[in-house]
Amino acid sequence: MISQFFVLSQRGDNIVFRDYRGEVQKGSAEIFFRKVKFWKEDGHEEAPPVFNVDGVNYFHVKIVGLLFVATTRVNVSPCLMLELLQRVARVIKDYLGVLNEDSLRKNFVLVYELLDEVIDFGYVQTTSTEVLKSYVFNEPIVIDAARLQPLGPASIFMQGTKRMPATAVTKSVVANEPGCRKREEIFVDIIEKISMTFSSSGYILTSEIDGTIQMKSYLTGNPEILLALNDDLSIGKDGRSIYEYRSSSGSGAVILDDCNFHESVRLNSFDLDRTLSLIPPDGEFTVMNYRMTQEFKPPFRINTLTEEAGALKVEVIIKINAEFSSNITANTIVVEMPLPKYTTRVGFGLEPGAVGQKTDFKEATKRLEWGLKKIVGGSEHTLRAKLTFSQESRGNIIKESGPVSMTFTIPMYNASRLQVKYLQIAKKSSTYKPYRWVRYVTQANSYVARL
């Protein structure tokens, strides 16, 4: 049960505010923002997604620089509330096309209408874009996406020889294009998040992939869609799963531990030819979630070396090897390493000719940061960091430092080798030729190397 819902900008400006039950004081948005801004408890840089102030529970998620917040005085499931905030943000994005402060302010009437249909007197009614189209009739004021800075996943697909249209992820599902014509197209995204732990010698200790197949349809008439995956796909390590799906080859090259599907997916022929049949609802939705712990080739290998460099000084060498093809480029790479609490200064040394790299020593949190704008497949990059201490190490320096963690995004690459063989749309006529886009992206979830 939700008492209040509001959206704040990074500056703390209240963009959207709805009080459903009148149980929480009116200044809750200001209380929340001050608490988040000055959060210092236990040395955390950012506030946790859930916290309590004076008997009020605050739940929040940060999406493209906006804070989506819900408050309540009752004891509710944090997972439920955080998932609800994500879904509300997705519904608003489906209608507005672009989710930012400007679009929210220009479409405040539509946004409040959506909120009143999604939540009634604090109780959730629906978060389905398709259902809401029957009750919400306001047209959005479309924001020109061409002048926007690319944010998050919107920009990771804009490379390669065949580029996605500029409006690929900034279109409203309800607004018509100029001339009252709607571009017939559908987007399928295979997004994988990798969790991997390396030993100090570079061996893989744990590895896991959490993947999802997402779809966003701009097709009129809701035609039937056939989505075909790898023929050699197996589910369950013995070639079957709790759903009793069996691989036609018995033991496929791609083995998923488990998976689940959207309610609209029909699995009549999935066990025979790995084809999913569905009629896509309006808006963005998840077709399939899957998990994989089968051995796979890591996109990056991290090697570290620690050497004494004199009195009260230690040199740390971090080497990154890109293990993917040279025609693929990773971007937004950040490498972090916690340092001993008595570290006073860090001197950095990059390889000759290094471009698009930056280093920093966060003295408040005693953390080393190394940022790389992009890494081309097959390349190697090295960082040398000379640490200066204020006192002699009381123990093993390796035990007081690390581990090294890494975040990255790799467009048009997937580690599991799960592929979409074809995307077939039921034809309305011989002239019906909608645009079909299939995109892949791999991101780091927990990519860690021990010292």
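How many bridges join strand 24 to strand 26, and in which sense do the two run? I looked this up first. Strand 24 (residues 404-411) and strand 26 (residues 435-449) run antiparallel and are joined by six bridges.

The model is a predicted one, in which local features need pLDDT of at least 70 and side-chain atom pairs count only at pLDDT 80 or more, while totals for chains, interfaces and linings use all residues. Residues are numbered from 1 along each chain as its sequence is written, and side-chain values use heavy atoms, with hydrogens and water left out.

Entry on terms. Strands (E, at least two residues) and helices (H or I, at least four) are DSSP runs numbered from the N terminus. Two strands pair if DSSP finds at least two bridges between them.

I read the order as 13-16-9-8-26-24-19-22-21, in an open sheet with mixed pairing. Strand 13 (258-261) and strand 21 (357-362) are at the edges with a single partner strand each, so one side of each has no neighbour in the sheet. From one strand to the next the twist averages 15°; angles run from 0 to 180 degrees between N-to-C directions, and axes are lines fitted to C-alpha atoms, for helices over the stretch in contact.

I found an open sheet with antiparallel pairing in the order 14-15-10-25. Strand 14 (265-266) and strand 25 (420-425) are its edges; each has a single partner strand, so one side of each is left without a neighbour. Strand 10 (residues 225-229) pairs with strand 25 over five antiparallel bridges, and L229 has V420 as its bridge partner in strand 25.

Entry on helix 2. Helix 2 (residues 78-96) lies across strand 9 (204-217) and strand 16 (283-292), at about 135° to strand 16. With helix 4 (residues 108-118) it packs at about 140°, the axes being 11 Å apart. The contact (heavy atoms within 4.5 Å) is made by V88, V91, I92, Y95 and L96 of helix 2 and L110, V111, L114, L115 and V118 of helix 4.

Entry on salt bridges. I counted 18 in the structure, each a side-chain nitrogen of Lys or Arg within 4 Å of a carboxyl oxygen of Asp or Glu. In one of them, R11 and E101 have their closest N and O atoms 2.9 Å apart. R11 is in the loop between strand 1 (4-8) and strand 2 (14-19) and E101 is in helix 3 (residues 101-106), so the pair ties together parts 90 residues apart in sequence.
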